[in-house]
Amino acid sequence: MQEVELHVERARCIRCGACASLAPGVFALRGEAYDVARQPATDEERVLARAAVLNCPSHAIRVAR
Ligand code: SF4
């Protein structure tokens, strides 16, 4: 599966926690907003990370590639 590079636009995050629920370890709360804790390392994590992109209610998560 294709590598992904995630980025959270933290100013848009409403701290719903959906991303971290879907892909714990990839997303985590950092201060006032969620952020990428580490880039996905496995196909499963990449699938879950893409699900987080689709489910983020504020469209704060971007995939760079
Ligand atoms: S799903 Fe989006 S709005 Fe919700 S915590 Fe994650 S980045 Fe923030």
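**Stop 1: the hairpin**

Select residues 27-30 and 33-36. These are strands S2 and S3, which run antiparallel and are joined by four bridges. Two strands count as paired if DSSP finds at least two bridges between them. Helices (H or I, at least four residues) and strands (E, at least two) are DSSP runs, numbered from the N terminus.

The model is predicted: local features need pLDDT of at least 70, side-chain atom pairs count only at pLDDT 80 or more, and totals for chains, interfaces and linings use all residues. Residues are numbered from 1 along each chain as its sequence is written.

Now pick out the partners. Phenylalanine 27 has valine 36 as its bridge partner in S3. Alanine 28 stands opposite aspartate 35 in S3. In a regular strand the side chains alternate between the two faces of the sheet. Move on to the turn: two residues lie between the strands of this hairpin, and glycine 31 takes a positive phi near 70 degrees there.

**Stop 2: zoom out**

Show the whole protein chain as a cartoon.

Next, contacts. Two residues are in contact if their C-beta atoms, placed from the backbone, lie within 7 Å. Among contacts between residues at least 6 apart in sequence, 62% join residues at least 24 apart.

**Stop 3: the core**

Colour by burial. A residue is buried if 20 or more other C-beta atoms lie within 10 Å of its own, exposed if 12 or fewer, and partly exposed in between; C-beta atoms are placed from the backbone. Buried residues make up 25% of the 65 residues.

Select Cys19, Ala23, Phe27, Ala49, Ala52, Cys56 and Ile61. Within the largest nonpolar core, which has 13 residues, these touch the most other members. Helix H1 (18-22) and helix H2 (43-55) each supply at least two residues of this core. A nonpolar core is a set of buried Ala, Val, Leu, Ile, Met, Phe, Trp, Tyr and Cys residues joined through C-beta atoms within 7 Å.

Centre on cysteine 56. Leaving aside neighbours within four places in sequence, cysteine 56 is in contact with Ala18, Cys19 and Ile61.

**Stop 4: the ligand**

Select the ligand and its surroundings. How many residues surround the ligand? There are 15, and the closest are Cys13, Cys16, Ala18, Cys19 and Cys56. A residue is near a molecule if its C-beta atom, placed from the backbone, lies within 6 Å of it. The shell divides into twelve nonpolar, two polar and one charged. Here Ala, Val, Leu, Ile, Met, Phe, Trp, Tyr, Cys and Pro count as nonpolar, Asp, Glu, Lys and Arg as charged, and the others, Gly among them, as polar.

**Stop 5**

Select alanine 20, in helix H1. Alanine 20 is partly exposed, with 18 other C-beta atoms within 10 Å. Skipping neighbours within four places in sequence, alanine 20 is in contact with Phe27, Ala28, Leu29 and Tyr34.

**Stop 5: two loop residues with positive phi**

Select arginine 15, in the loop between strand S1 (6-8) and H1. Arginine 15 is not a glycine, yet has a positive phi of about 60 degrees. Arginine 15 counts as exposed because it has 11 C-beta neighbours inside 10 Å.

Jump to histidine 59, in the loop between H2 and strand S4 (61-63). Histidine 59 is not a glycine either, and its phi is positive, at about 50 degrees. Is histidine 59 buried or exposed? Histidine 59 is exposed, with 10 other C-beta atoms within 10 Å.

**Stop 6: the start of the chain**

Finish at methionine 1, in the segment before S1. Methionine 1 touches Asp43 and Arg46, not counting residues up to four places away in sequence. Draw a C-alpha to C-alpha distance to threonine 42: the pair is 41 residues apart in sequence and 8.8 Å apart in space.
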